[in-house]
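Trainee: I'd like to learn how to read the inside of a protein model. Can we go through one together?

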Amino acid sequence: MKMPHLSLITFSLLLIQLSSASGGKVLVFPLDGSNWVNMKVLIEELHAKGHDVTVIRVSDSWYITEKSPFYTSITLSIPGGFEENFETFLSQQLEIRLQGKPTYFWSPIWTRYQIRQVILEQFSQLHKRMSEVIIHMFEDKNLMHSLHDAKYDLVLTDPSIGGGTILAHRLQVPLVFNVRWTTQGEAHLLIAPSPLSYIPFTATELTDKMTFPQRVKNVLSYSLGMYIQSSLSEPHYKPVVRKYFGPDVDYSTFVLDADIWLMRTDFVFEFPRPTMPNIVYMGGFQCKPAKPLPADVEDFVQSSGDHGVIVMTLGTLVRSLPQDVTEEIAAAFAQLPQKVVWRHIGQRPANLGNNTLLVNWLPQNDLLGHPKTRAFVTHGGTNGVQEAIYHGVPVVGLPLFFDQPDNLSRIRAKGGAVIVDIAMLDRHIFAEALVAVLYNTSYKENMQMLSRLHRDQPMKPLDQAVFWIEYVIRHKGARHLQSHSNKMSWFVYKSIDVMAALLAVALLVTFVCISIVRLLWRFIFVGKKVKCE
């Protein structure tokens, strides 16, 4: 028996409503800037699955818009100052880097020290502002009542900032991380066993195959780095935790208490290492097949013939480089037979070649997936590097700050990239790097191998991420996946107390044995001597 057409429509609408009704309520506390780009991908997919998403933003958000078809926003009437602070930081970083040419043997050391100081100040200010945002929220009784009454199923946050982590504990709802970095460093180093003999510390640009001097460097870098990162964040967040949760509550345990860690990396990109059951790898989750290019860009790309195209962009945050550096890059491009699509906002280079197209914005994923793309010039942001792997495009890296040198060093270690120090960049050095990547086929072959490995998965990374978010919603957390090691002190975790006890027993047994032997010696030999006399 056929169902009437009207009844079929009604039935379909009911199914849609039921699907929507079964969705969860997700509260998102994001980090602005480029981190928002990948958080937005998760939000859009959660919305498509029927979940109700609410995003917390500050009044002067840079990338996080107040109105969106994918989420409802809660705008806090407090400025975050992210854009202004970042632009100041960027200009300082570039100025220091470009002055870092090795005129004297101590110049690179001094440059690294200056860069570190700028980064430390930037992160300290970021955490300070975030602690102020948390206090503003907690002191707003109406806001907190509305958040409690909403009965969210989970908080999804980027633990590079502490706001979402502290808010989840205040609301007492499950916590899911969209993570690679936390307030206390690289995520694996906090939650998973991390032997420093083969796991390189952040910013060392080492691989998993280290010589003895490199292992010394790695251990020292880890010891100093973990201390510095804790000292940047904890002074700002600990007073907030003490005030609202009590003096006996440790802020560091808040981070370790997340139910699921959605890690923005995978073992195509990372070096093999121990992991934990509540770490879910979703490296490249934002990647997707290329779509057709805009007509004018497609015409320009097709005009490259067999030589192909080079794509250059420094990400969403860096619009342009200093003019003298820009001129050298333009001169290097002009020497090549390839066409170049270059995202550049600013003064047009005087020596720009006829083969170079300057654009204010470019469809990065679609250009990287185009069959005529031969190389990708990038600063080494996580999103760009993952898209290069996905599409199998070799890389020329111009790392600027944060995790970019580390990201590019991993691709270089796997044979897919050449890295150029921006302080040393001139047209000859840059052209040499481009020629190596364009004409040495090993770079392309290695990146295509990484692409095949990345794509050969039983489930797409984005689908896997959404599955685990929904898993936490269904089961109201994932406590059974958490290791008890998170609640151990360091000496218990490393069994120092056990080793001390065993050593004490061994020493006691040794002492008793020596005492018995001495007594026997006296009884047998000294006794005989007395009798003889």
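Trainee: What percentage of the 533 residues of the protein chain count as buried?

Mentor: Before the answer, some ground rules: this is a predicted model, where local features need pLDDT of at least 70, side-chain atom pairs count only at pLDDT 80 or more, and totals for chains, interfaces and linings use all residues. Residues are numbered from 1 along each chain as its sequence is written, and side-chain values use heavy atoms, with hydrogens and water left out. Now, buried means under 20% relative accessible area, exposed over 50%, and partly exposed in between (1.4 Å probe, protein chains only). Here 51% of the 533 residues count as buried.

Trainee: Which residues touch the most other members in the largest nonpolar core?

Mentor: In soluble globular proteins, nonpolar side chains tend to be buried together. A nonpolar core is a set of buried Ala, Val, Leu, Ile, Met, Phe, Trp, Tyr and Cys residues joined through side-chain atoms within 4.5 Å. In this model the largest one has 45 residues, and Met137, Leu147, Leu167 and Trp261 touch the most other members. Helix α4 (residues 107-139) gives the most to this core, with 6 residues; helices here are DSSP runs of H or I, at least four residues long, numbered from the N terminus. A second, separate core has 31 residues, including Val396 and Leu425.

Trainee: And where does the second largest pocket lie?

Mentor: Rolling a probe the size of a water molecule over the atoms shows where empty space is left. On a 1 Å grid over the protein atoms alone, a pocket is an open set of points with protein on both sides within 12 Å along at least five of seven lines, a cavity is a set where a 1.4 Å probe fits but cannot get out, and lining residues have an atom within 4 Å of a point. Domain 1 (25-285 + 460-482) and domain 3 (490-517) both give residues to this pocket's lining, so the pocket lies between them; the bounds come from an automatic or database domain assignment. Its volume is about 780 Å³, counted as the space filled by probe spheres set on the points, which are joined across faces, edges and corners. Of its 23 lining residues, Leu189, Leu190, Tyr222, Trp490 and Tyr493 lie nearest the centre, and α8 gives the most to the lining, with 4 residues.

Trainee: How many cavities of 30 Å³ or more are there?

Mentor: The count comes to 4.

Technical notes:
Helix = DSSP H or I, 4+ residues; strand = E, 2+ residues; numbered from the N terminus.
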